[in-house]
Amino acid sequence: MDAASLGFDDNLAAFADSAIGGGLSPQVEALIKQAGLLRHLPQQALPLLEQARAAAPRHPVPLIALYRFYFYGHQLALARAAGEDALAIARNALGPDFGDHPPSDEAARDDAAVRFYLFTLKGLAYLNLRLDDFEEARLMLGELRRLDPQDRVGGALLSQVLARHEAGEAEDSLSAYPVRGWSGIGPAL
């Protein structure tokens with residue numbers, strides 16, 4: 001079953017299908033696959049991923065591949081830039097009214113575009129924490145808490161990490177074992 005058969009509009013249906021790999025040309029798929037085979041040779045893999053992105057600039061899969069390349073290569077600022085691009089693409093696909101209200105529980109569980117957006121927010125919050133940009137992390141986590149009050153994507157754990165950091169607790173401290181969900185974190189960020 002594709003997203004169009006679920007009643008999504010054309011842009012959202014195309015994005016939802018593409019978020020799970022649909023709609024990607026065989027040429028772009030081949031570039032990403034070849035880059036994966038060359039992951040041990042980053043100087044050769046990166047141009048292939050950049051070609052894939054240029055060939056499918058509005059498709060999330062090449063961005064995900066670039067994000068992973070930078071993330072696993074410990075180039076976190078570049079991973080954050082790829083994540084920001086992915087968030088913008090998802091936001092555009094979800095339409096101008098997305099975020100006015102939290103998505104339904106069903107959408108947060110099952111809608112590929114909504115989940116992609118929420119997980120991208122979480123990933124960006126994580127990267128901002130790693131890059132010591134705590135204010136930006138706080139903004140991302142606040143938005144994630146607002147849009148995912150049931151904590152379906154697990155952003156509350158990152159809020160707990162941020163709260164422990166701000167309280168001056170040692171990173172390896174187990175004084176407050178993290179629990180799932182936003183409860184116990186305090187007011188919205």
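Let's start with contacts. In this protein chain, take the contacts with a separation of 6 or more: 61% of them join residues 24 or more positions apart. Keep in mind that this is a predicted model.

Now the parts list. The protein chain has 9 helices and 0 strands. Reading along the sequence, you get α-α-α-α-α-α-α-α-α. The protein chain has 189 residues, and 43% of them are buried. Its accessible surface comes to about 10,600 Å². Carbon and sulfur atoms hold 55% of that surface.

How far can we trust it? The average pLDDT of the protein chain is 84. A score of at least 70 is reached by 79% of the residues. Confidence is highest in α3, at 96, and lowest in helix α1, residues 10–19, at a mean of 56. Over residues 1–9 the pLDDT is below 50. That stretch has 9 contacts in the model beyond near neighbours in sequence. Where pLDDT is low, the predicted coordinates should not be read in detail.

So look at α3 on the screen. Helix α3 covers residues 42–55, which is 14 residues. From first C-alpha to last it reaches 20 Å, close to the 20 Å expected at 1.5 Å a residue.

Which residues of α3 are buried? They are A45, L48, L49 and A52. Why do they sit on the same side of α3? Because they cover an arc of only 100 degrees around the axis. Check the general rule: an α-helix has 3.6 residues a turn, so residues three or four places apart point the same way. Now turn to the other side of α3. There, Q43 and A54 are exposed. And the buried residues of α3 pack against two helices, α2 (26–37) and α4 (60–72).

Next, the cores. The largest nonpolar core has 29 residues. Which of them touch the most other members? Y117, L118 and L121. The elements giving two or more residues to this core are α5 (76–94), α6 (105–110), α7 (112–130), α8 (134–147) and α9 (155–166). The helix that gives the most is α7, with 9 residues.

Zoom in on Y117. Set aside its neighbours within four places in sequence. Y117 is then in contact with L87, A90, R91, L94, F98 and L147.

There is also a second, separate core, with 20 residues. Among them are V61, Y70, A79 and L127.

To recap: 9 helices, 0 strands, a largest nonpolar core of 29 residues, and a separate one of 20. Thanks, everyone.

Key: Residues numbered from 1 in each chain as written. Predicted model: local features only at pLDDT ≥ 70, side-chain atom pairs only at ≥ 80, totals over all residues. Heavy atoms only, no water. Helix = DSSP H or I, 4+ residues; strand = E, 2+ residues; numbered from the N terminus. Buried < 20%, exposed > 50% of the residue type's maximum accessible area, 1.4 Å probe, protein only. Contact = heavy atoms within 4.5 Å. Areas by Shrake-Rupley, 256 points an atom, 1.4 Å probe, with all protein chains shown as cover. Expected span 1.5 Å × (residues − 1). Arc of directions from axis to C-beta. pLDDT = per-residue confidence, 0-100. Core = buried A, V, L, I, M, F, W, Y, C linked by side-chain atoms within 4.5 Å.
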